[in-house]
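I opened the notebook to go through one structure, element by element. The entries below follow the order in which I looked things up.

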Amino acid sequence: MFSFQHAQNSGPRPHQENAFQRVSVNLAGRLMLANRDEYECTAVDMSPGDVLFATAARPRTGERIIAYIDHVGRLEGTVSRLGEDAFVIQLNATERKREKLAAQLTWIANKHELGLPEDRRHDRLAPRKTVTELTVDTGEKYACRIIDLSLSGAAVDIDVRPAIGTAVKLGHGMKGRIVRHFQEGVAIEFSGIQAREALTEFL
């Protein structure tokens, strides 16, 4: 199973190019150049430190880029390399943001191996509030961090592994059950398809 780690021979600073392993993601999105022109793009592969975009955009080396990528959310960085119909940006992010991105990418990389549904009917959401708690049916509460969220379920980074089928509550009121275990935590299927308004606690 995939798990993020620093690449061999990496430099001491995690935001340097190639400091992290990149994974193939092929996620759609939109990006904005410094002059505010917008373009469709695909994040071909990425790491917590950099992203390779395939796009018709033609930025300059060193130009600031803002992108919104499906399943990941907002990314910001500067162009470090240019290619034919593609370029790489170095991400400008706090250590906390990099840790969150590493967890998201691990989830994406492992999704097929875990046998998790693609859930195409229910768009994945980019939660603003990721730190919350998981309450199990016996009443115990555990701190956790949301990796992935949709109208039908969530994946959380958590230290404990409640048994598959355990009834749980995410945050203040999202009821569901444990359906998968994976390296960083558990996958939860909500009791029913939620309205987006029901998830405002996290958005």
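Entry 1, strand β10. I checked how far strand β10 (residues 153-157) is covered in this predicted model. Four of its five residues are buried, so the strand is largely enclosed by the rest of the structure. I then looked up its partners. Strand β9 (residues 141-150) runs antiparallel to β10 and is joined to it by four bridges. One of the pairs I noted is arginine 145 with aspartate 157 of β10 as its bridge partner. A hairpin connects β9 to β10, and the link is two residues. β10 also has antiparallel pairing with strand β13 (residues 185-190), here through five bridges. In that pairing I found glycine 153 opposite glutamate 189 of β13.

I listed the elements of the chain: one helix and 13 strands. The chain has 203 residues, and 46% of them are buried. For contacts between residues at least 6 apart in sequence, I noted that 54% join residues at least 24 apart.

In which order do the six strands close into a barrel? I read the order as β1-β2-β3-β6-β5-β4, with antiparallel pairing. Ignoring direction, neighbouring strands of this sheet are turned against each other by 45° on average.

Strand β4 (residues 64-69) and strand β5 (residues 73-83) are antiparallel and share six bridges. Tyrosine 68 has arginine 74 in β5 as its bridge partner, and isoleucine 66 has glutamate 76 in β5. Three residues lie between β4 and β5 in their hairpin, and histidine 71 in that turn has a positive phi of about 70°. β5 goes on to pair with β6 in the antiparallel sense, again over six bridges. There I noted glycine 83 with alanine 86 of β6 as its bridge partner. The β5 to β6 hairpin has two residues between the strands, and aspartate 85 in the turn has a positive phi of about 60°.

Which residues of the largest nonpolar core touch the most other members? The core has 23 residues, and the answer is Leu31, Met46, Phe53 and Ile69. At least two residues of this core come from each of β1 (23-32), β2, β3 (50-55), β4, β5, β6 (86-91) and α1 (95-114). β1 gives the largest share, four residues. Apart from this core I found another one, of 19 residues, with Val136, Leu170, Met174 and Ile178 among them. As background, nonpolar side chains in soluble globular proteins tend to be buried together.

I then took isoleucine 69 on its own. Leaving out residues up to four places away in sequence, isoleucine 69 touches Leu27, Ala28, Gly29, Cys41, Ala43, Phe53 and Leu75. Phe53 in that list is also one of the core residues that touch the most other members.

Is aspartate 45 buried or exposed? Its relative accessibility is 18%, so aspartate 45 counts as buried, the cut-off being under 20%. Aspartate 45 is found in strand β2 (residues 38-46). I looked up what surrounds this side chain. Its contacts, not counting residues up to four places away in sequence, are Arg22, Val23, Ser24, Val25, Val51 and Leu52. With arginine 22 there is a polar contact between the two side chains, at 3.3 Å. Valine 23 is 22 residues away from aspartate 45 in sequence, while the C-alpha to C-alpha distance is 5.3 Å.

I searched for disulfides, taking sulfur atoms within 2.5 Å as the criterion. The count comes to zero. A disulfide is a covalent bond between the sulfur atoms of two cysteines. I also noted accessibility. Cysteine 41 has 5% relative accessibility, so cysteine 41 counts as buried. Cysteine 144 is buried as well, with a relative accessible area of 5%.

Definitions and conventions. Residues numbered from 1 in each chain as written. Predicted model: local features only at pLDDT ≥ 70, side-chain atom pairs only at ≥ 80, totals over all residues. Heavy atoms only, no water. Pairing = 2+ DSSP bridges. Axes fitted to C-alpha atoms, helices over the stretch in contact; angles between N-to-C directions. Buried < 20%, exposed > 50% of the residue type's maximum accessible area, 1.4 Å probe, protein only. Contact = heavy atoms within 4.5 Å. Polar contact = N/O pair within 3.5 Å; in protein donor to acceptor, adjacent residues only side chain to side chain. Core = buried A, V, L, I, M, F, W, Y, C linked by side-chain atoms within 4.5 Å.
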